[in-house]
Amino acid sequence: TFYNSSVFNSTVTLSGGTFNAGGNATITTLAQSGGTLQGTGTVTLTGNASSWSAGTMAGLGTTLIAANAALTISNNVELTPGRTLTNNGLLVQTGGTIDVGDTAATAIVNNGLWTIQNNPAIGQWTGGTGGMTITNAGTIQRTSGTGTVNLGDGGGGYVALVNSGLLDVQTGSLYVNGAVGSGGTTNTGTI
């Protein structure tokens, strides 16, 4: 457990076990291939080569991709209730699924560029009747893949999409499964 302001000016590799941020932490490069990143603090990624290929981000804190930083999601990962993933830089999703837990408290906030490649799922439900909120004030861009990217799985998992930015679907399709009571979709941006 790390409290107060912890700074890691190199690569933090998380392949098992738990990285608990009880306070704020700054990490140049995160390489998460398993285990759990959790805590109530904000974990800020500042480098342009962070990766998340497996494992869980949990707790009531925030994982923040700083401006000019990047995180690539390449496989199935889990973002559990209460955790917020905030992108102020570049978020690249090349595949896999972002599974969410059992309440609508899980959130992704995009203020930067979120590039979706291939046909991943976002807000895929692992059980229960909850969902998540995606707030986009930046650009969500679908750049490759011919199938459908699902926001919410339709089996009880729903996504409330609040868009004031740009949804740019260059190929394939983007399906938002927002049901009555889930917050649905609010768009004041550009599609």
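Among contacts in the chain (heavy atoms within 4.5 Å) between residues at least 6 apart in sequence, 43% join residues at least 24 apart. The chain has 21 strands and zero helices, counted as DSSP runs numbered from the N terminus, with at least two residues (E) for a strand and at least four (H or I) for a helix. This is a predicted model, in which local features need pLDDT of at least 70 and side-chain atom pairs count only at pLDDT 80 or more, while totals for chains, interfaces and linings use all residues. Residues are numbered from 1 along each chain as its sequence is written, and side-chain values use heavy atoms, with hydrogens and water left out.

**Surface and burial**

- Of the 191 residues in the chain, 47% are buried; buried means under 20% relative accessible area, exposed over 50%, and partly exposed in between (1.4 Å probe, protein chains only).

**The nonpolar core**

- The largest nonpolar core holds 34 residues; such a core is a set of buried Ala, Val, Leu, Ile, Met, Phe, Trp, Tyr and Cys residues joined through side-chain atoms within 4.5 Å.
- Strand β3 (residues 25-39) gives this core its largest share, three residues.
- Residues with the most contacts inside the core include W52, L79, L85 and W114.
- Leaving aside residues up to four places away in sequence, L85 touches W52, T63, I65, L71, L79, L91, A107, I108 and V109.

**A buried serine**

- S50 lies in strand β5 (residues 50-57), and S50 counts as buried because its relative accessibility is 2%.
- A polar atom of the S50 side chain sits 2.9 Å from the backbone nitrogen of L30.
- Beyond residues up to four places away in sequence, S50 touches T28, T29, L30, L45, A70, L71 and T72.

**Two asparagines with positive phi**

- N68, in the loop between β6 (62-65) and β7 (70-73), has a phi near 70°, a positive value in a residue other than glycine.
- With 74% relative accessibility, N68 counts as exposed.
- N118, in the loop between β13 (113-116) and β14 (121-125), is not a glycine either, yet has a positive phi of about 65°.
- N118 is partly exposed, at a relative accessible area of 37%.

Technical notes
Polar contact = N/O pair within 3.5 Å; in protein donor to acceptor, adjacent residues only side chain to side chain.
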